[in-house]
Structures are given as structure tokens and as C-alpha cells.
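Trainee: I would like to go through this model and learn how to read its features. Where shall we begin?

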Protein chains: 2
Amino acid sequence: MTNLFAPIPPETPAEIIQVLLETGNFRLERIVSNGQATPPGEWYDQDTHEWVALLTGSAGLSFADEPEPRVLRPGDYLLIPAHRRHRVEWTDPDQPTVWLALHYT
Amino acid sequence: MTNLFAPIPPETPAEIIQVLLETGNFRLERIVSNGQATPPGEWYDQDTHEWVALLTGSAGLSFADEPEPRVLRPGDYLLIPAHRRHRVEWTDPDQPTVWLALHYT
């Protein structure tokens with residue numbers, strides 16, 4: 001059995017992105033963040049829609065068209081339509097933040 | 001913000017199945033079980049593949065081609081290929097069991 005909350009190597013400098021499932025139509029990823037954020041001034045502008053859920057930890061997610069970041073807590077999910085510019089302002093510094101992300105066209 | 005762990009009505013007699021996302025290629029569901037199981041002697045035999053993750057609670061999942069049920073705990077996930085016969089033997093009687101299920105062709 002594989003587990004979404006399985007331990008990750010300590011002091012991993014980068015986010016871990018693990019593709020759980022991929023077809024011609026979608027890609028399901030498990031992402032584990034340890035305090036990482038999108039580099040200052042950078043925005044994601046994706047060609048695919050992204051459904052994302054935060055399972056553990058916490059994060060601040062900004063949209064270019066909103067004045068304040070949204071704070072995500074365990075269980076929170078949302079849909080980010082293609083080309084809606086967004087960035088991760090912060091992720092939990094004290095525990096792993098586990099995301100599920102489903103990218104699709 | 002919508003939340004995967006949002007409270008459900010107490011004493012709900014049936015499982016709750018909520019379609020979170022659907023395209024021509026896949027359907028993402030949130031399922032909340034409160035002790036329900038597949039009726040005795042029945043098996044699921046699905047035309048679609050199903051990726052399923054258990055997020056809270058616990059469950060026993062049997063496959064017709066395995067001698068013993070698998071016990072699923074929070075974070076456990078697996079892929080059930082189309083037409084692999086399976087059934088839910090039990091779900092946690094004491095707390096909601098929240099699943100994410102991604103059905104696809």
C-alpha cells in the first residue's frame with residue numbers, strides 16, 4: 001500500500017513532486033512542501049486547469065486578481081482555471097505540507 | 001473555500017457521494033462513509049479505472065482475487081483497474097471515512 005503521508009527524507013531542499021497517475025488527459029501529483037514558496041515576483045501561468053487540495057500543513061496562495069492571499073488548511077481544495085495567475089506565498093515551516101494536484105485540459 | 005473534511009449531517013443513513021469535478025475523461029468524487037459497507041455478496045465490477053485514497057477513518061477493502069481484505073488507513077491510496085472485482089467490507093464505525101475517488105477511462 002502506498003501512502004500520501006509517507007515520510008519524506010529530512011532536510012530535503014526542494015519540493016517533492018511525485019506523479020501518481022498520468023493519462024493523455026490528466027496528471028495527478030502528490031506535492032510535499034517544507035516551507036518552500038514561489039520565488040519572489042514569479043507567478044504560475046499554466047496551460048492546464050488545476051484542481052488542488054491541501055491535506056496536511058498549511059499554505060498561503062495568492063491570485064494576481066485578488067488583493068490578499070488565501071490561507072489553506074487541511075482539507076481545503078479549489079480549482080485554479082488555466083491561465084489564472086497564482087503563486088504560493090508560503091508553506092508551513094514546521095511540518096510537511098502535502099498537496100494533491102490534478103492537472104487537466 | 002471548500003473543505004474535504006467539512007462536517008456532514010449527523011445520522012445520515014447513506015454514504016454521501018459528491019462529484020467535485022467531471023469532464024468527458026474523468027470524474028473526481030468525495031465519498032463520506034459512516035460505517036457503511038458493500039451489501040453482503042455484492043461486488044463492484046466497474047467499466048472505469050478508479051484511483052482511490054482514504055483520507056480519514058479506516059476501511060477494509062476486498063478484492064475477489066485476494067484471500068484477505070486490505071486495511072486502509074489515512075493517506076493510503078491504490079489503483080483499482082476496471083473490472084477488478086472488489087467490495088468494501090467495512091468502514092470505521094466511530095468516525096467518518098472520507099475518500100477521494102478518481103474514475104477514468
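Trainee: In what order do the six strands of the open sheet that includes S1(A) run?

Mentor: Keep in mind that this is a predicted model. The order is S1(A)-S7(B)-S4(B)-S9(B)-S3(B)-S2(B), and the pairing is antiparallel. S1 of chain A and strand S2 (16-22) of chain B are the edge strands, each pairing on one side only.

Trainee: How many bridges join S1(A) to strand S7 of chain B?

Mentor: Two bridges join S1(A) to S7 (residues 76-80) of chain B, and the two strands run antiparallel. Within this pairing, Thr2(A) stands opposite Tyr77(B) in S7(B).

Trainee: And which strand of chain B is joined to S7(A)?

Mentor: Strand S1 (residues 2-3) of chain B is joined to S7(A) by two bridges, again antiparallel. Here Asp76(A) stands opposite Asn3(B) in S1(B). The open sheet of six strands on this side has the order S2(A)-S3(A)-S9(A)-S4(A)-S7(A)-S1(B), with antiparallel pairing. S2 of chain A and S1 of chain B stand at its edges with a single partner strand each, so one side of each has no neighbour in the sheet.

Trainee: How do I read the relation between the two chains?

Mentor: In general, two copies of a chain are related by a rotation about an axis and a shift along it. In this case a rotation of 180 degrees with 0.0 Å of shift along its axis superposes chain A on chain B, with an RMSD of 0.0 Å. The two copies are therefore related as by a two-fold rotation axis. In chain A, the C-alpha nearest the axis belongs to Asn25(A), 3.4 Å from it. The same surface serves both copies, since 100% of the contact residues of chain A recur in chain B.

Trainee: How is the size of an interface expressed?

Mentor: The size of an interface is often given as the accessible area lost when the parts come together. Chain A and chain B bury about 2,400 Å² between them, 72% of it on carbon and sulfur atoms. On the chain A side, Met1(A), Trp51(A) and Tyr77(A) lose the most area to chain B, together 27% of what that side buries. Counted by residues, the contact takes 27 from chain A and 27 from chain B.

Trainee: How many salt bridges and polar contacts are there between chain A and chain B?

Mentor: The count of salt bridges between chain A and chain B is zero. For polar contacts, the rule finds nine residue pairs across the interface, both residues at pLDDT 80 or more. The side of chain A that touches chain B has 18 nonpolar, six polar and three charged residues.

Methods: Residues are numbered from 1 along each chain as its sequence is written. Chains are lettered from A and ligands numbered from 1 in the order in which they are written. This is a predicted model: local features need pLDDT of at least 70, side-chain atom pairs count only at pLDDT 80 or more; totals for chains, interfaces and linings use all residues. Side-chain values use heavy atoms; hydrogens and water are left out. Contact means heavy atoms within 4.5 Å. Buried area is the accessible area (1.4 Å probe) that two parts lose on being put together, summed over both. A salt bridge is a side-chain nitrogen of Lys or Arg within 4 Å of a carboxyl oxygen of Asp or Glu. A polar contact is a pair of N or O atoms within 3.5 Å; within protein, one must be able to donate a hydrogen and the other to accept it, and residues adjacent in sequence count only if both atoms are side-chain atoms. Ala, Val, Leu, Ile, Met, Phe, Trp, Tyr, Cys and Pro count as nonpolar, Asp, Glu, Lys and Arg as charged, and the others, Gly among them, as polar. Two strands pair if DSSP finds at least two bridges between them. Helices (H or I, at least four residues) and strands (E, at least two) are DSSP runs, numbered from the N terminus. Copies are superposed by least squares on the C-alpha atoms of residues with pLDDT of at least 70 in both.
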